[in-house]
Amino acid sequence: MEFLTMPWECFGDQSSQFLQFYRCHSFSSIQKPELENGNRVLLPVSALDRLSVLRIDYPMMFSIQNIHEIKSGLDGQTSHCGVLEFTAEEGFISMPQWMMNNLKLLEGDLVFLKNASLPKGTYVKMQPHDSDFLNLSNPKDVLERTLQKYSCLTSGETIIITHDEKNFLIDILETKPANAISVIETDCEVDFATPLDYKEPERKIAPLAKDGDHQQRNDKPNSNKFVAFSGLARTLDGAPVTGLVEKLEKLDIHEETSSRTCASKKPGKLVFGNSDVIGGKPLKKSTDFLKLPDQIKEKEEVSKTEENKFIPFTGRKHVLLGS
């Protein structure tokens with residue numbers, strides 16, 4: 001076979017390591033698409049015999065590379081995987097399609113498999129391709145259940161997580177304490193980077209106002225402006241007083257300026273202290289302003305009645321003439 005022309009010395013010491021070449025098949029090609037979720041492969045029975053002789057510790061993990069890139073001297077992607085069963089056809093390895101895509105493999109291409117010892121992972125940073133993954137009701141729970149089908153994770157590879165019959169592509173950006181870690185029976189901190197399809201919301205900037213527009217806005221009357229003492233007048237029992245303003249304007253208020261005028265005060269301020277002065281104008285009678293027009297009219301009629309009232313002992317004097 002073609003791969004036998006390569007010197008085995010370039011792959012290290014064979015006495016204590018599992019080194020083998022296989023031709024790859026995807027799970028879909030052997031009618032086992034349910035195994036696509038995860039990174040555990042199928043190996044032939046001969047691999048189990050060799051691993052038993054080498055006494056490889058459990059769980060068994062392997063590094064896998066594209067032999068074409070090794071021969072070409074290319075620095076290609078190295079992935080890592082676990083083993084699910086030893087039921088594959090002799091000379092073949094069955095693996096997920098997404099792993100073949102990461103390694104740029106086609107059906108029947110040669111791969112180089114080598115046993116590996118990976119440390120337990122403590123940290124992994126992931127980047128979803130689709131923002132919908134972070135919008136799931138509980139993405140952490142989905143991730144924990146899915147990673148149970150993974151034996152290890154490698155920095156730089158893209159894995160697939162399936163939920164509700166939808167596949168989510170997720171890039172492995174960083175792993176600690178090494179570039180490849182074991183995720184079996186370990187507490188691993190997971191961090192998410194911004195999804196690849198995320199777009200910053202556009203910020204709307206208000207246009208700069210021109211001087212003319214600003215002046216025009218200031219010239220417009222403000223219908224919501226507060227106007228003091230513009231409400232409806234009511235009596236103490238709550239009944240509205242109609243026509244009060246017109247009646248107050250008919251009151252007899254002197255027009256002459258009083259010596260105690262408040263003209264020296266600035267407009268817009270309330271001045272307390274002169275109960276008989278309003279607006280700088282003295283009232284004829286300070287008590288009359290507090291009375292309603294009907295009460296003032298009644299007082300005037302009483303005054304006229306008092307003028308015609310009988311007053312005793314106001315006539316001419318007379319003496320009695322005796323005889």
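At 36% relative accessibility, Asp 132 is partly exposed, a class that lies between buried (under 20% relative accessible area) and exposed (over 50%), using a 1.4 Å probe and protein chains only. This is a predicted model, in which local features need pLDDT of at least 70 and side-chain atom pairs count only at pLDDT 80 or more, while totals for chains, interfaces and linings use all residues. Residues are numbered from 1 along each chain as its sequence is written, and side-chain values use heavy atoms, leaving out hydrogens and water.

**Salt bridges around Lys 166**
- The structure has 4 salt bridges, each a side-chain nitrogen of Lys or Arg within 4 Å of a carboxyl oxygen of Asp or Glu.
- Asp 130 pairs with Lys 166 in one of them, at 3.6 Å from N to O.
- Asp 130 sits in the loop between β7 (123–128) and α4 (139–147) and Lys 166 in strand β10 (residues 166–176), so this pair ties together parts 36 residues apart in sequence; helices (H or I, at least four residues) and strands (E, at least two) are DSSP runs numbered from the N terminus.
- Asp 132 also forms a salt bridge with Lys 166, with the closest N and O atoms 3.2 Å apart.
- That pair links the loop between β7 and α4 to strand β10, across 34 residues.
- Asp 130 is partly exposed at 24%, and Lys 166 is partly exposed at 34%.

**A pair in Glu 174 and Lys 176**
- Lys 176 and Glu 174 form a salt bridge, their closest N and O atoms being 3.9 Å apart.
- Lys 176 is partly exposed at 39%, as is Glu 174 at 32%.

**Shared partners**
- Salt bridges with shared partners join Asp 130, Asp 132 and Lys 166 into one network.
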